[in-house]
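Work through the exercises below with the sequence and the 3D structure at hand. Try each task before reading its solution.

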Amino acid sequence: MNHKQNRPGFTLIEVVLVLAIAGLIFLMVFIALPALNQGQRNTQRKRDAAAIVTAMNQWYTHNSSSVSDNYSNRYNKQKGFCTFYKRYVGDEMVDPSTGKPYKVALWGSTMVIDCINGDTENRGAYDTEVHGSGGLGDSDNWAAMEVGDIQYDDGAYCEDEGFNDDIGGGRYSGSKIFAIRIRLEGGATLCLDNGYSFD
């Protein structure tokens, strides 16, 4: 005799439950993945900023002038910085979001410059996070930053995520004291200086 065995199948509730769990796992991965990618890009930006600081220290070891060189003329200041950037940093360092060279803002202008390609962009706005000597606002001398932008100034040091760019009323401009800031995704800013002590 041939007997059919009754094999219980999945109930509709069990199928729905499995699909709901799978959907929840997918949703968690979908939410976490952009944050993970953003963190990786920011980590790359932090490494690049540290490499630029190292390159600046090398510049100051081999040259008597500051990185941005000429403070009497904004164009010459950008040109001086770009001379350093092309020689000591090069075109292989690019922002991980765009794949293009970092844009740099220097004191005294709303312009940012891509030193490798020579492209400039006028932001037409100012960075309220920069402070001058004695905590006075100096935001009107800086272009507003976007993700991946770098600010540089000599005679400056870091204050949390911002920097004080007018130490001693400008006494240290042109010296081997500097700070850079880089804008990260998520609204944060990393500031690095060369650790000069004013004590």
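The exercises concern a predicted model and go from the overall fold to single residues.

**Exercise 1.** Find how many helices and strands the protein chain has, and in what order they run.

Solution. Step 1: the chain holds 2 helices and 8 strands. Step 2: read from the N terminus, the order is α-α-β-β-β-β-β-β-β-β. Step 3: of the 199 residues in the protein chain, 36% are buried.

**Exercise 2.** Describe the aromatic pair of Trp-59 and Tyr-88, and state which elements it joins.

Solution. Step 1: the structure has 8 aromatic pairs. Step 2: in the pair of Trp-59 and Tyr-88, the ring centres are 5.5 Å apart and the planes make 70 degrees. Planes over 60 degrees apart count as edge-to-face, and the pair is edge-to-face. Step 3: Trp-59 belongs to helix α1 (residues 12-62) and Tyr-88 to helix α2 (residues 74-89), so the pair ties together parts 29 residues apart in sequence. Step 4: buried means under 20% relative accessible area. Trp-59, at 5%, is buried, whereas Tyr-88, at 23%, is partly exposed.

**Exercise 3.** Classify the aromatic pair of Tyr-152 and Phe-178, and decide whether each residue is buried or exposed.

Solution. Step 1: the centres lie 6.4 Å apart with 40 degrees between the planes, and the pair is tilted. Step 2: Tyr-152 sits in strand β4 (residues 150-154) and Phe-178 in strand β7 (residues 178-183), so the pair ties together parts 26 residues apart in sequence. Step 3: Tyr-152 is buried at 1% relative accessibility, and Phe-178 is buried at 0%. Step 4: both residues belong to one aromatic cluster, which includes Trp-59 and Tyr-88.

**Exercise 4.** Explain why β7 is described as largely enclosed, and name the strands it pairs with.

Solution. Step 1: 6 of the 6 residues of β7 are buried, so the strand is largely enclosed by the rest of the structure. Step 2: in a regular strand, side chains alternate between the two faces of the sheet. In β7, one side carries Phe-178, Ile-180 and Ile-182, and the other carries Ala-179, Arg-181 and Arg-183; both faces are covered. Step 3: β7 pairs with β4 in the antiparallel sense over 5 bridges. β7 also pairs with strand β8 (residues 189-193), again antiparallel over 5 bridges. Step 4: Ile-180 is the bridge partner of Tyr-152, and in β8 the partner of Ile-180 is Leu-192. Step 5: the hairpin of β7 and β8 has 5 residues between the strands, and Gly-186 there takes a positive phi near 95 degrees.

Note on methods:
Residues numbered from 1 in each chain as written. Predicted model: local features only at pLDDT ≥ 70, side-chain atom pairs only at ≥ 80, totals over all residues. Heavy atoms only, no water. Helix = DSSP H or I, 4+ residues; strand = E, 2+ residues; numbered from the N terminus. Buried < 20%, exposed > 50% of the residue type's maximum accessible area, 1.4 Å probe, protein only. Phe/Tyr/Trp six-rings, centres within 6.5 Å; stacked < 30°, edge-to-face > 60°. Pairing = 2+ DSSP bridges.
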